[in-house]
Amino acid sequence: MAAMIEVRNVSKAFGGVQANRSISLDVAKGKITGLIGPNGSGKTTLFNSIVGYHPIDEGSIKFEGKEISKLRVPQIARLGLLRTFQQTRIYGKMNCIKNMLISVPHRSMGLIEIFGDHSAQELEKAEHLLEFVGLYAKRKLLAGDLSFGQQKLLEFAMALMNQPRILLLDEPTAGINPTLINGLIDRLKRANTEFGITLFVIEHNMRVIMNLAENIYCLAHSELLAEGSPEKIQKDKRVIDAYLGAH
Amino acid sequence: MSISRRTLGLYGGIAIASLVAPFVFDNYISQLTVLWVMVLFAITWDAMGGQMGYNSLGNIFFFGAGMYISAVVQIGLHYDVAEYTAAYGAIKVDFTQAQYHVGLVLGTIVAALGSVALAVALSWVVFGLRGPYFAIGTLGIALAAGELVGAWEYVGAGSGISLPVFPGEPEVGERFFYFAFFIAAVLSFFFFRWLYGTRFGLAINAIRDDEEKAEAMGIRTMRYKTITWSLSAFFLGICGSLFGNYNIFIEPLEVAFATVVFGIPMVVMALLGGKGTLWGPVIGAVLYHVIKEATWKYFLGWQWVALGLLIVVTVVFFQQGIMGWAQDKWPELFGIEVEEDSAEGDREAA
């Protein structure tokens, strides 16, 4: 099992608050890996460290064998390591199609190409992906006018448009209507199997993450608490205590 | 990009009106000339503030820089610039037609390129700033430039530079500059119209809507920001060069780096018409200019109060501008609507 992301002994503090303490974990290539933990346990901080949002204090982060802990956000994104945000972020004053068209991969975009128009294939792909997340009818609406759940789906479609090698999803189902969650789980799984995108998912909804992930890491109090299959994690006393507040 | 009959009619109408206007409204030719300057100001400001979300209060810097660069080139072709400015206008230039036009064209080209070079150099400083800090930072550049040039003897310091007078009849000269500004404004309009239809346009819109997201999606934001500012500077440099020659006399605070007369109205015009739209800045510029000229004529003494009021009302109550308001009211006209057909069906039909 090859690791796509290798995190080794990563620590990060904000002033006096230690958000991550010597965390090591692997995200397996081609699989769906979960990251859980109580609020404030350092999940989003770890995501931010991986995507280069802030420098880390100690440790190493490798993406496909390459050290990325010194790179910045856009450079890491162009390598094919992409994240979505907990507070959904889309381009609000542009319509959905334009949101999609500007989300094409920027890896190889040269100076000449940025002054070109989008290709017919790109438009077709954008429409196909909007259909995939069920937003095709709303493609000409301004993204900012969509509901929160719809914006979340649009952000997911934009991420797919970028053809990442791995996608870090920060609470993909938060704020989504429970009746739509099953559809979303299905789409996440299809993104993994059909598009071959490795997923690393932060999720609070236990039903979702147990359904989705093959391997789960649990953080608590800024440290790695447990690792294992969903069955193993579910039965782990330390995890249960962390969530129920036995500490 | 296909152009509809209506659009073609609109462009044709504006073109004809613009070509005829200086001959029919002979008495108003100077106001009409400045109108195109204002249109160019609003269009170039909107590229930054409207389309990319970087509210520059210092774009006037490139207008002034272009003006001075061009003046130095034009004078420098035939005289020693330091001696010329030290004489405070005692040296009277008498250029032939050929000398004048060669100087003007060469000066304008160098002004445009020089402004771009300044924009690229400054981008390393200003694009570290965001939001209101960017606005204040750029304002600082424009104000500092005015003061610095005002203390620089080589370019005449506060006394400015007298430029060569148009060789020929005064009426011919007036029309010459009217059409020069008209062409510059039209070129910048069509240039930015094209630009907003490319990937580049989408990228700067993305930076406006959420720059952090754009970075997280791998967009090379710094490159787009630098290029946009440079393009703005390019057209402003041309405009500054032409304006210096149109005005015959240039000096740092009231003409070149005129923040109150030109720098702030750039923002107001774009806001009034609707920032981030193609036509908004044009409409805003025309409206602002008409209002400004009317207040000068009918409320003399109160003109700055009236204009200040207009600015306050626009900024406080009417930020979306005319085009933004129209888009809110009639979204279908702007293509913002739900289409219930499926992608598959759509493609089969097409």
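**View 1. Strand 6 meets strand 7 in chain A.** In this predicted model, strand 6 of chain A runs parallel to strand 7 (residues 166–170) of chain A, and 3 bridges join the two. Within this pair, L81(A) lies opposite I166(A) of strand 7 of chain A.

**View 2. The whole sheet of chain A.** Six strands form an open sheet in chain A, in the order 6-7-8-3-9-10. The pairing is mixed. Strand 6 (81–83) and strand 10 (223–228) of chain A are the edge strands, and each pairs on one side only. From one strand to the next, the twist averages 20 degrees.

**View 3. Helix 1 on the sheet.** Helix 1 (residues 43–50) of chain A packs on the sheet of chain A. Helix 1 touches strand 3 (32–36), strand 6, strand 7, strand 8 (198–202) and strand 9 (215–220) of chain A. The direction of helix 1 makes about 150 degrees with that of strand 7 of chain A.

**View 4. Strand 8 of chain A and its cover.** Strand 8 of chain A is mostly covered, with 5 of its 5 residues buried. Both faces are covered. On one side sit T198(A), F200(A) and I202(A), all buried. On the other sit L199(A) and V201(A), also buried.

**View 5. Strand 8 and its pairing partners.** Strand 8 of chain A pairs with strand 7 of chain A in the parallel sense, over 5 bridges. Here L167(A) stands opposite L199(A) of strand 8. I32(A) has L199(A) as its bridge partner in strand 8 of chain A.

**View 6. Where chain B touches chain A.** On the chain B side, 26 residues are in contact with 33 residues of chain A. Helix 8 (199–209) and helix 9 (211–216) of chain B are the elements that give two or more residues to this side. Helix 8 of chain B supplies the largest share, 7 residues. By class, the side of chain B that touches chain A has 10 nonpolar, 7 polar and 9 charged residues.

Definitions and conventions. Residues are numbered from 1 along each chain as its sequence is written. Chains are lettered from A and ligands numbered from 1 in the order in which they are written. This is a predicted model: local features need pLDDT of at least 70, side-chain atom pairs count only at pLDDT 80 or more; totals for chains, interfaces and linings use all residues. Two strands pair if DSSP finds at least two bridges between them. Helices (H or I, at least four residues) and strands (E, at least two) are DSSP runs, numbered from the N terminus. Axes are lines fitted to C-alpha atoms, for helices over the stretch in contact, and angles run from 0 to 180 degrees between N-to-C directions. Two residues are in contact if their C-beta atoms, placed from the backbone, lie within 7 Å. A residue is buried if 20 or more other C-beta atoms lie within 10 Å of its own, exposed if 12 or fewer, and partly exposed in between; C-beta atoms are placed from the backbone. Ala, Val, Leu, Ile, Met, Phe, Trp, Tyr, Cys and Pro count as nonpolar, Asp, Glu, Lys and Arg as charged, and the others, Gly among them, as polar.
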